[in-house]
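Here are my comments on the model you sent.

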Amino acid sequence: MRFSVLTLFPDMVYASAGYSIFKRGLDQGFVQLDCIDIRDFSANKHRQVDDYSYGGGFGMVMKAQPIYDAYQHALERLGCAASPRVVFLTPAGRPLTQELVAEFAREDALILLCGHYEGVDERVVEEIVTDEVSIGDYVLTGGELAALVLMDAVARLVPGVLGKEGSFAEESFTAGLLEYPQYTRPAEVLGRAVPDVLLSGDHKAVEKWRHEQSLRRTKTRRPDLL
Ligand code: SAM
């Protein structure tokens, strides 16, 4: 999976991507990350990339031209015959779900566009963006954290990234349910014991207990999933 991120803050993206499983995916070549600094494509000697909003109102809007030129540069660097999906991270987008993450994970490459200020000139969104995605019903200052969330969730589904740790089938949302509670050693801690069934060695009973716990959790915490 190749991620190309159009951003005003490449260092923020590279720094946050340099940890844990995502870093291992990068190191082992299962994942590639290329950040394109939109400011490098400003036509302005002050490297300005924003301007006032037509119609008035608070805040600035990211200009279309530097984003479009950064996108063309990303295409060149990716060397794709056809443009990959271009995801604009925006609170006005379709909610990011595990289903959408799995769909993105089947792509060879993704271009992610991170907005700032009041947002992005709609004309460049219409021209290059294939998917508008929100990571939740709240407003961040910029799209970089949202892009990192999306990349993290997608990368762990890329074959090879999780290695043997991969147990997608039972993870929250994959089967339409929240995951059951997890326990590790010791068998008793803080005066609390591990449920007996998990120590029983009876795999069928463990499976049944876990499924019941998943159902119970989903019913109480996220009935909308059922
Ligand atoms: N004025 C915009 C609105 O009300 O929808 C919010 C702009 S926000 C301050 C700046 C940028 O942060 C957005 O262009 C987007 O890229 C990113 N962003 C903010 N919240 C987000 C969310 N929930 N999901 C994805 N991206 C988000």
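1. In which helix is Glu212 found? Glu212 belongs to helix α7, which covers residues 203-221. The model is a predicted one, and that applies to every point below. With a relative accessible area of 39%, Glu212 is partly exposed. Between the C-alpha atoms of Glu212 and Gly136 there are 28 Å in space, and the two residues are 76 apart in sequence.

2. On the overall make-up, the protein has 7 helices and 9 strands. Taken along the principal axes, the box filled by its C-alpha atoms is roughly 70 × 40 × 35 Å. Of the 226 residues in the protein, 40% are buried.

3. The ligand site deserves a look. The ligand is surrounded by 20 residues, and the closest are Leu89, Gly115, Glu118, Tyr138 and Leu140. Sorted by class, this shell holds 10 nonpolar residues, 9 polar residues and 1 charged residue.

4. An oxygen atom of the ligand lies 2.5 Å from a backbone N or O atom of Leu89. A polar backbone atom of Glu118 is 2.8 Å from a nitrogen atom of the ligand. For Leu140, a polar backbone atom is 2.9 Å from a ligand nitrogen. On its own the ligand has 580 Å² of accessible area, and the protein covers 83% of that.

5. Which elements give two or more residues to the shell around the ligand? They are β5 (85-95) and β7 (131-134). Strand β5 gives the most, with 4 residues.

6. The side chains of Arg85 and Asp131 meet at 3.0 Å, N to O.

7. Side chains of opposite charge can pair when their charged atoms come close. In this model the count comes to 11 salt bridges. One of them joins Lys63 and Asp51, with the closest N and O atoms 3.7 Å apart. Lys63 is in the loop between β4 (60-62) and α3 (64-78), while Asp51 is in strand β3 (residues 50-52), so this pair, 12 residues apart, links distant parts of the chain. Lys63 is partly exposed at a relative accessible area of 31%, and Asp51 is partly exposed at 34%.

8. A further salt bridge is formed by Glu171 and Arg156, at 2.8 Å from N to O. Each of the two residues lies in the loop between α6 and β8, so the pair ties together parts that are 15 residues apart in sequence. Arg156 has 25% relative accessibility and therefore counts as partly exposed. Salt bridges with shared partners also join Arg85, Glu103, Glu107 and Asp131 into one network.

9. Gln182 is placed in the loop between α6 and β8 (188-189). Why does Gln182 count as partly exposed? The reason is its relative accessibility of 49%, since partly exposed covers the range between the buried limit of 20% and the exposed limit of 50%. The side chains of Gln182 and Glu179 are joined by a polar contact of 3.0 Å. Val194 is 12 residues from Gln182 in sequence, and their C-alpha atoms are 9.4 Å apart in space.

10. Last, the surface. Phe9, Met12, Tyr138, Leu140 and Leu145 make a nonpolar surface patch of about 450 Å². Leu145 lies in helix α6, residues 144-155, and counts as partly exposed at 45% relative accessibility.

Technical notes. Residues numbered from 1 in each chain as written. Predicted model: local features only at pLDDT ≥ 70, side-chain atom pairs only at ≥ 80, totals over all residues. Heavy atoms only, no water. Near = heavy atom within 4 Å. Polar contact = N/O pair within 3.5 Å; in protein donor to acceptor, adjacent residues only side chain to side chain. Areas by Shrake-Rupley, 256 points an atom, 1.4 Å probe, with all protein chains shown as cover. Nonpolar A, V, L, I, M, F, W, Y, C, P; charged D, E, K, R; others polar. Patch = residues over 30% accessible without salt bridge, like charges linked within 9 Å, V, L, I, M, F, W, Y side chains within 5 Å. Salt bridge = Lys/Arg side-chain N within 4 Å of Asp/Glu carboxyl O. Buried < 20%, exposed > 50% of the residue type's maximum accessible area, 1.4 Å probe, protein only.
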